[in-house]
Amino acid sequence: MTDIPFKRDFKCEYGVIEEVAPNLRRVVATNKSPFTYTGTGTYIVGRGKVAVIDPGPLIDEHVKALIEGLTGEEVTHQLVTHTHNDHSPATRPLKEATGALTYGYGPHGSGRFEQGITVEAGGDRDFFPDVEVRDGDVIEGDGWSFECVYTPGHCSNHICYAWREANALFTGDHVMGWSTTVVSPPDGDMADYMASLRRLLERDDAIYYPTHAGAIVDPKPYVRALIRHREEREQQILSCLARGKGLIADMVDEMYVGLNPNLIAPARRSVFAHIVDLAERGRIKTEGGAKLALDAQYRLA
Ligand SMILES: [Zn+2]
């Protein structure tokens with residue numbers, strides 16, 4: 001498998017707004033977990049009149065650190081990359097405290113609703129952006145501006161924000177420095193995710209700021225490694241199927257050696273995301289024409 005140059009040396013002080021780069025600050029929430037790494041990093045862009053990117057989870061100390069840390073300044077915009085519970089819920093107390101409007105692609109699952117697919121789980125269903133943004137839209141504030149870069153895949157409403165003055169991209173959970181991204185159907189979509197990764201290769205952002213952990217400098221080789229990694233996963237699945245190994249659970253046992261038991265279920269969902277993509281491309285099918293499911297039996301088409 002391709003070696004992805006993960007960076008796992010991130011250090012932060014919880015509850016403190018720290019300087020990351022000129023005109024960029026960050027405060028990290030205490031929601032550390034196998035999915036969020038050291039927790040959600042909420043970014044603050046600008047000075048005086050600022051934008052907050054991904055206000056984060058509803059954790060009182062986090063919201064308090066953000067509001068108190070910005071005393072004397074004005075939050076004019078809240079930008080949301082996507083509607084997972086570790087990203088968007090704190091927009092509500094922050095809006096109450098500051099009145100700042102929220103920006104995002106749409107409510108949870110909106111990318112899917114447009115295709116007639118219902119999304120059942122895992123998101124912040126109470127988030128409805130005041131301003132719905134689309135790919136290419138520009139959001140302007142006091143001394144800073146962002147271009148919206150629609151990047152579905154991790155979530156159907158995932159959007160990255162390109163900070164034009166700094167040639168930087170806030171990548172949310174689309175590209176993370178410490179791990180690969182969870183892509184879990186139906187709201188997660190592998191074909192969309194791969195297209196959204198390839199899209200980043202057409203851009204010239206100098207640095208990425210993901211929500212979880214530190215910056216990614218020299219991002220293109222990193223994105224290429226992520227793409228290769230998923231292509232290799234797909235090859236592994238096709239190889240399992242060529243040998244008659246048609247159950248996702250058995251594929252995961254073979255493909256993910258030494259996996260943390262807590263990560264078995266997410267690994268199965270990730271393989272399922274590849275399976276859905278391969279089935280849509282006509283490469284594989286279910287035995288007996290059964291419906292695509294985590295526990296179905298698959299074979300090459
Ligand atoms: Zn997420």
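Contact here means heavy atoms within 4.5 Å. This is a predicted model, where local features need pLDDT of at least 70, side-chain atom pairs count only at pLDDT 80 or more, and totals for chains, interfaces and linings use all residues. Residues are numbered from 1 along each chain as its sequence is written, and side-chain values use heavy atoms, with hydrogens and water left out. With that settled, here's a quick tour of the chain and a handful of its residues.

**The whole chain**

- The protein chain has seven helices and 15 strands; helices (H or I, at least four residues) and strands (E, at least two) are DSSP runs, numbered from the N terminus.
- Along the principal axes, the C-alpha atoms of the protein chain fill a box of roughly 65 × 40 × 35 Å.
- Of the 301 residues, 53% are buried; buried means under 20% relative accessible area, exposed over 50%, and partly exposed in between (1.4 Å probe, protein chains only).
- If you take contacts between residues at least 6 apart in sequence, 60% of them join residues at least 24 apart.
- The accessible surface comes to about 12,900 Å², and carbon and sulfur atoms own 50% of it. Accessible areas come from the Shrake-Rupley method with a 1.4 Å probe, and for residues only the protein chains shown count as cover.
- On the charge side, there are 32 positive and 43 negative side chains, with the centres of the two sets 5 Å apart. Lys and Arg count as positive and Asp and Glu as negative, while His and the chain ends are not counted; the place of a charge is NZ of Lys, CZ of Arg, CG of Asp or CD of Glu.

**T83 and its loop**

- T83 sits in the loop between β5 and α2 (91-98), and it counts as buried because its relative accessibility is 0%.
- Setting aside neighbours within four places in sequence, T83 is in contact with S88, G106, P107, H108, G123, D124, F127 and N157.
- One of those partners also pairs up side chain to side chain: T83 and N157 make a polar contact at 3.0 Å. A polar contact is a pair of N or O atoms within 3.5 Å; within protein, one must be able to donate a hydrogen and the other to accept it, and residues adjacent in sequence count only if both atoms are side-chain atoms.

- T42 belongs to strand β3 (residues 41-45) and is buried, since its relative accessibility is 0%.
- The T42 side chain reaches two backbone oxygens: that of D54 at 2.9 Å and that of P55 at 3.0 Å.
- Residues up to four places away in sequence aside, T42 touches R25, R26, V27, V52, I53, D54, P55, G56, H62 and L66.
- T76 is part of strand β5 (residues 74-79), and its C-alpha is 9.6 Å from that of G48, 28 residues away along the chain.
- Not counting residues up to four places away in sequence, T76 touches K49, V50, A100, L101 and W144.

**Y37, a buried loop residue**

- Y37 is in the loop between β2 (24-28) and β3, and it is buried because its relative accessible area is 15%.
- A polar atom of the Y37 side chain lies 3.1 Å from the backbone oxygen of R8.
- Among the residues that Y37 touches are K7, R8, D9, F10, W178 and H212.
- Y37 and S179 are 142 residues apart in sequence, yet 8.6 Å apart in space, C-alpha to C-alpha.

- Phi of Y37 is near 60 degrees, a positive value in a residue other than glycine.
- N167 also has a positive phi, near 50 degrees; this residue lies in the loop between β10 (159-163) and β11.
- N167 counts as partly exposed, because its relative accessibility is 36%.
- The peptide bond from P185 to P186 is cis, with omega near 5 degrees, and P186 is found in the loop between β11 (168-172) and α4 (190-201).
- For background, most residues other than glycine have a negative phi, and most peptide bonds are trans.
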